[in-house]
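Thanks for sending this one over. Here are my notes, as numbered points, to read with the model open beside you.

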Amino acid sequence: MLYLELFLQGLLQGSIYALIAVGLTLVYGLLRILHVAHAGLYTLGGYFGVLVFNSTGSLMLSGIVAMFGVGILGVIIYRLCYEAILDQPPYVPLIASIGLFIAMEELYRILFGSYGISYTNPPLQQMLPLGGMYLREGEWVTILVSIILIGSLAWLSIRTRLGLAWRATVTDPQMAESFGIDPIRVRYFNFFIGSALAGTAGMIVGILNNLVEPTMGSVPSYKALAIIVLGGLGSVRGTLVAALMLGVVESFGTIYLGNVLNRDAIAFVFLILVLMVRPQGMFRGV
Amino acid sequence: MGYEISLLTFMGISIIGSLSLNLITGFCGQVSLGHVAFVGIGAYTASILTKADTPFFVALLAGMLLAGSFGVMVGLASLRVRHDFLAITTMGVNFVFLGVVRQQEWLGGELGVSSIPDPGLGKLGFLALVLGCVILVALLSLQIRRSWMGYVFVAVSGDEDTARMLGLDVSRYKLIAFALGTALAGLSGGLYAHHVRFIFPDSFAFVESITLLAMVVIGGNGSILGVIVASALLSVLPQWFQFIGDYKLLLYGSLLFVVMRFSPGGLAGLAKNIFPKSKIYFALKENQ
């Protein structure tokens, strides 16, 4: 029973990781940027969620604001920050992104206070039974939302013209351009989708913990990097598998390795071990 | 006076740290996001040894050796994974170092190591020691850049596969870069521990690795003078920013971003653009 419970908790954590990391892997697949500031957008999603919910009381509305607001901001960040330095060596956008992330965290702290904001009337807290265990409504919603969002992402990229253009640009940007695909629009779209997913993840975590604080992105930001590397950098399928796997490994690891390593180190030990065996990650990326 | 001496010492220690990273990232082109882990290994080793009554210089040397040997291990990893994969692996090394240190009782756990003995050189003597080390490390860097090894490093950072095709022993030189760079990081760690005489895990957090990398990149990746100027500036900047207190990190993060966004070549690149043909250009010239 304990094993099953640990496994389920791991999957839950893993699906949150997946929502964050998919955006990161989309950006990497298209532009080869390690987009650390992505986690700043995740935190912003949390803030949008809690602020809109506390003032209007509508979960639907706050979800929409968190998703679209953060998505649009992601596009703005690409336009203002990354577009000009795409042809530089990879460490340039990386450092720029880390600088941006530090500045974002500080900005949230100054704007919203360092102690964080809670929901005045926490939604989705009821316990619902599953087999012999109880899961909170919020946890059910987490699992459902991740499945729906990632499912529709898959549908979008396989079944629509837009998705086709997108995949073509990832595979061969020049060829895609000569077939009349506008690469700039594909990039905007890419950043919008990735950031919207991160914003949603931020809002969900805000509800689950009933707390949104300025530093809530710091651990996910680096862990998400570990996840996309594990998944083979740029492979969406690999990222999903790696995210779920890491969630499970962590939830077992904290029980059995807790006195040797802390939770965050487990992720990176796992990462280093996997990379030594398979230097290209678990799946072949781009 | 005491404050200025302490600040200068701190500045010198930062310069040693960033020059050591410059050997790996600037010269040899292997981006390392976890360099402060080796500073930490040097600091912990040296301070635990001097607390057990080992002479200061022996402890310093031991710290360098241990950091260097761990560095060779990470160097071995760099033979296996490349580019962004390597960057994330070294980042992982930083988190694993922290994760292990935090849980070890004999390393002080979360509380760290305190009351590290005074090396007995006096404040000025210690400053002289640190500055001496800075000069030695800078000279070593210059020497390496002008040597055969320096040319191999340029080749490796430019295009590893071509370098290998030319018959260069890429693996060996990568390992040397990591061994040297991390051993010098260990030196700066040992000096740091005996300067502040109190260390705890957060002194070696990931953000400190970023600070070191920022010093290298803002100075101009590979440029010795640029890196020295940038680390001198960036290490005292937070002190100057005391008056804006709350906005310190905001300004720091924005600065990193703005420099990378508008002058990706760092200070060296900036100088090159402003004084295209002057002496400064030659002094700051990047090695590529």
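1. Let me begin with burial: a residue is buried if 20 or more other C-beta atoms lie within 10 Å of its own, exposed if 12 or fewer, and partly exposed in between, with C-beta atoms placed from the backbone. Because 29 other C-beta atoms lie within 10 Å, B:Gly181 is buried.

2. Some housekeeping before going further. This is a predicted model, in which local features need pLDDT of at least 70 and side-chain atom pairs count only at pLDDT 80 or more, while totals for chains, interfaces and linings use all residues. Residues are numbered from 1 along each chain as its sequence is written, and chains are lettered from A and ligands numbered from 1 in the order in which they are written.

3. Back to B:Gly181, which sits in helix 8 (residues 170-196) of chain B; helices (H or I, at least four residues) and strands (E, at least two) are DSSP runs, numbered from the N terminus. Leaving out residues up to four places away in sequence, B:Gly181 touches B:Ser20, B:Leu21, B:Leu23, B:Ile24 and B:Gly71. Contact here requires C-beta atoms, placed from the backbone, within 7 Å. B:Gly71 is 110 residues from B:Gly181 along the chain, yet their C-alpha atoms are separated by 7.9 Å.

4. In chain A, look at helix 1 (residues 2-31) and helix 8 (residues 183-209): their axes come within 8 Å and cross at roughly 165°. Axes are lines fitted to C-alpha atoms, for helices over the stretch in contact, and angles run from 0 to 180 degrees between N-to-C directions. Helix 1 and helix 8 of chain A are therefore roughly antiparallel (under 35 degrees is roughly parallel, over 145 roughly antiparallel, 65 to 115 roughly perpendicular, and the rest oblique). Their crossing is left-handed, meaning that the near helix is turned anticlockwise from the far one by less than a right angle; clockwise would be right-handed. Among the residues in this contact are A:Ile20 and A:Gly23 of helix 1 and A:Gly194 and A:Ala198 of helix 8. By class, the contact has 16 nonpolar, five polar and one charged residues. Here Ala, Val, Leu, Ile, Met, Phe, Trp, Tyr, Cys and Pro count as nonpolar, Asp, Glu, Lys and Arg as charged, and the others, Gly among them, as polar.

5. How do helix 2 (residues 38-56) and helix 9 (residues 218-230) of chain A cross, and at what angle? Their axes come within 8 Å and cross at roughly 135°, so the two helices are oblique to each other. Helix 2 of chain A passes helix 9 of chain A in a right-handed crossing. A:His38, A:Ala39 and A:Tyr42 of helix 2 meet A:Pro220, A:Ser221 and A:Ala224 of helix 9, a set with four nonpolar, two polar and no charged residues.

6. Now the interface: chain B gives 34 residues to the contact and chain A gives 36. On the chain B side, helix 4 (83-103) is one of the helices that supply at least two residues, and helix 4 of chain B has the largest share, 14 residues. That side divides into 22 nonpolar, seven polar and five charged residues.

7. A:Tyr91, A:Ile95 and A:Ile98 meet B:Ile210, B:Leu213, B:Ala214 and B:Val217.

Note on methods:
Two residues are in contact if their C-beta atoms, placed from the backbone, lie within 7 Å.
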